[in-house]
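Hi there,

Here is the structure I promised to pass on. Please have a look, and then read my notes below it.

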Amino acid sequence: MNGFELRKQKKRKQIIASAFTLFNQEGVKAVKVSDIAKDASVSQVTIYNHFNSKEELVREVIKDYMNTHFTLIKNLLQEEKSFSEVIEIIILEKNQAVQQINPSLLEEMLSTDEKLKEYVDHFYQTKTLPLFIQLLQRAQERGEVNPSLSMEAVIFYLNAMKAEAQRVPVEEWSKREKFLQDVLHLFFYGLNGKPDSHNSE
């Protein structure tokens with residue numbers, strides 16, 4: 001990639017990052033292209049050189065968020081971390097590589113853009129779900145997850161925990177982290193605590 005293309009990609013990333021931040025803070029409807037241009041330190045013309053419309057920019061913001069999050073999880077699998085380590089990172093850690101998205105923002109975007117909704121559904125079915133199944137199958141083979149549990153049941157439980165984690169605003173994490181840790185502990189050890197905590201004799 002030559003210097004021109006590198007600069008072009010850098011500006012595109014700047015625009016998407018600024019748009020994500022402003023959409024997340026103010027909502028899509030309240031943010032103008034001029035606001036994004038100012039935050040990204042580019043002209044409005046530059047934005048339209050990269051994106052045909054604000055609607056297209058909105059789609060690309062969500063696509064970028066999803067692909068970044070997907071890459072994070074995929075890299076975790078390649079690092080050969082344990083199942084519990086991967087789940088803790090996905091649900092509890094605030095990784096700087098993946099910014100927290102306001103659930104109401106995603107809901108607003110999906111409710112007004114059918115093409116984006118189709119993309120998100122397709123992404124989940126072809127990328128996210130197969131990756132989680134791969135993670136769970138590996139965990140069952142290693143004995144980290146009960147092999148008799150159905151894949152559907154485990155995925156349902158993980159999705160419920162992740163939904164709760166995403167629902168909590170960033171500023172509330174210091175108050176809710178203990179709660180989420182307790183839920184995670186219940187997932188791994190149940191109500192009786194760790195497996196060996198009652199069999200020490």
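This is a predicted model: local features need pLDDT of at least 70, side-chain atom pairs count only at pLDDT 80 or more; totals for chains, interfaces and linings use all residues.

Let me start with the helices. Helix 1 covers residues 3–26 and helix 2 covers residues 33–40; their axes come within 9 Å and cross at roughly 120°. The two helices are therefore oblique to each other, and the crossing of helix 1 with helix 2 is right-handed. On the helix 1 side, the contact is made by Gln 14, Ile 15, Ser 18, Ala 19, Leu 22 and Phe 23, which meet Asp 35, Ile 36, Asp 39 and Ala 40 of helix 2. Six of the residues in this contact are nonpolar, two are polar and two are charged.

Now to the rings: searching the whole structure turns up three aromatic pairs. One of them is stacked and joins Phe 20 to Tyr 65, with 5.8 Å from centre to centre and 15° between the planes. This pair links distant parts of the chain, as Phe 20 sits in helix 1 and Tyr 65 in helix 4 (residues 54–78), 45 residues apart. Phe 20 is buried at 6% relative accessibility, and Tyr 65 is buried at 13%.

Tyr 119 and Phe 123 form a tilted pair, with ring centres 6.0 Å apart and planes at 40°. Both belong to helix 7 (residues 114–142), where four residues, about one turn of the helix, separate them. Tyr 119 is partly exposed, at 23% relative accessibility, whereas Phe 123 is buried at 4%. Ring pairs also bring in Phe 70, giving a cluster of Phe 70, Tyr 119 and Phe 123.

Best wishes

Conventions: Residues are numbered from 1 along each chain as its sequence is written. Side-chain values use heavy atoms; hydrogens and water are left out. Axes are lines fitted to C-alpha atoms, for helices over the stretch in contact, and angles run from 0 to 180 degrees between N-to-C directions. Angles under 35 degrees count as roughly parallel, over 145 as roughly antiparallel, 65 to 115 as roughly perpendicular and the rest as oblique. A crossing is left-handed if the near helix is turned anticlockwise from the far one by less than a right angle, and right-handed if clockwise. Contact means heavy atoms within 4.5 Å. Ala, Val, Leu, Ile, Met, Phe, Trp, Tyr, Cys and Pro count as nonpolar, Asp, Glu, Lys and Arg as charged, and the others, Gly among them, as polar. Rings of Phe, Tyr and Trp (its six-membered ring) pair if their centres lie within 6.5 Å; planes under 30 degrees apart count as stacked, over 60 as edge-to-face and the rest as tilted. Buried means under 20% relative accessible area, exposed over 50%, partly exposed in between (1.4 Å probe, protein chains only).
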